[in-house]
Amino acid sequence: MKILIVEDNQKKLEKIKGYLEKEFPDVDLEQKTSYNSAAKEIALNYDQYNLILLDMSMQTYDISNDESGGEPEPLAGKNILKQIYLREIPTKVIVVTMYENFIDGTKIDQLHQELKEGFSENYCGFIFFSHTNLDWSLKLKQFIKELT
């Protein structure tokens, strides 16, 4: 199984990767840390992935010595899901977010309904990630087992 993790928070990324490597030792993981790098990777190589773990809020560009990351995009994950849908990419997507509310006042439950209705071919659901509560890992394991 090959999974693309789209996440710009390094601590969250490391926890997710560590959990997946421990729980699913045969998993092949790739990571992208911004809207643009993820969108490009998905457009060019979607057929290599069985699953995409997608953060909802992320930077526009990868952060580097020459690049500050651009503007934060509060609903970048929704835009990536829209691109996946428009390109008829069949890869399944699980949203992994640390936010219950988004900048435009949208709550996670509202967003879940919107994504479920608009992108039902790809969107499998969301996981609320927490550094202190490990419920996210149980839910992630359940989603992955259902998809395999």
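This briefing walks through the helices, strands, cores and a few single residues of the structure above.

The model is predicted, so local features need pLDDT of at least 70 and side-chain atom pairs count only at pLDDT 80 or more, while totals for chains, interfaces and linings use all residues. Residues are numbered from 1 along each chain as its sequence is written, and side-chain values use heavy atoms, with hydrogens and water left out. Helices (H or I, at least four residues) and strands (E, at least two) are DSSP runs, numbered from the N terminus.

**Strand pairing and crossovers**

- Strands β1 and β2 (residues 28-32) run parallel and are joined by 5 bridges; two strands pair if DSSP finds at least two bridges between them.
- Within that pairing, Ile5 has Gln31 of β2 as its bridge partner.
- The chain goes from β1 through α1 to β2 in a right-handed β-α-β crossover. Right-handed is meant as follows: with the strands pointing away from the viewer, the path from the first strand over the helix to the second runs clockwise.
- β6 and β7 also pair in the parallel sense, over 5 bridges, and Val96 has Ile127 of β7 as its bridge partner.
- Together with α4, the strands β6 and β7 make a right-handed β-α-β unit.

**Helix α1**

- The 14 residues of α1 should span 20 Å at 1.5 Å a residue, and the end C-alpha atoms are 20 Å apart, which agrees. The expected span is 1.5 Å times one less than the number of residues.
- The buried residues of α1 are Lys12, Leu13, Ile16, Lys17, Tyr19 and Leu20; buried means under 20% relative accessible area, exposed over 50%, and partly exposed in between (1.4 Å probe, protein chains only).
- Seen down the axis of α1, these buried residues fall within an arc of 165°, so they line one face of the helix. The arc is taken from the directions from the helix axis to the C-beta atoms.
- Exposed residues Lys11 and Lys22 sit on the face of α1 turned away from its buried side.
- Among the elements covering the buried residues of α1 are β1, β2, β3, β6 and α5, where contact means heavy atoms within 4.5 Å.

**Helix α5**

- Helix α5 (residues 135-147) has 13 residues that should span 18 Å at 1.5 Å a residue; its end C-alpha atoms are 19 Å apart, which agrees.
- Trp136, Ser137, Leu140, Phe143 and Ile144 are the buried residues of α5. They cover an arc of only 125° around the axis, which puts them on the same side of α5.
- The face of α5 turned away from that buried side carries the exposed residues Asp135, Leu138, Lys145 and Glu146.
- The buried residues of α5 pack against β1 (2-6), α1 (10-23), β3 (51-54), β6 (92-97) and β7 (123-128).

**Nonpolar cores**

- The largest nonpolar core has 25 residues, and those with the most contacts inside it are Ile52, Leu54, Ile80, Leu81 and Leu115. A nonpolar core is a set of buried Ala, Val, Leu, Ile, Met, Phe, Trp, Tyr and Cys residues joined through side-chain atoms within 4.5 Å.
- Two or more residues of this core come from each of β1, α2 (35-45), β3, α3 (76-86), β6, α4 (108-118) and β7, and α3 gives the largest share, 4 residues.
- Not counting residues up to four places away in sequence, Ile80 touches Tyr35, Ala38, Ile42, Leu54 and Met58.

- Tyr35, Ser37, Ala38, Ala39, Glu41 and Ile42 are buried in α2.
- The cover over the buried residues of α2 includes β1, β2, β3, β4 (58-59) and α3.
- Gln83 lies in helix α3 and touches Tyr35 and Ala39, not counting residues up to four places away in sequence.

**Two loop residues**

- Asn101 is in the loop between β6 and α4 and counts as partly exposed at 44% relative accessibility.
- Leaving aside neighbours within four places in sequence, Asn101 is in contact with Thr106 and Lys107.
- Glu88 is in the loop between α3 and β6 and is exposed, with a relative accessible area of 70%.
- The phi of Glu88 is near 55°, a positive value in a residue other than glycine.
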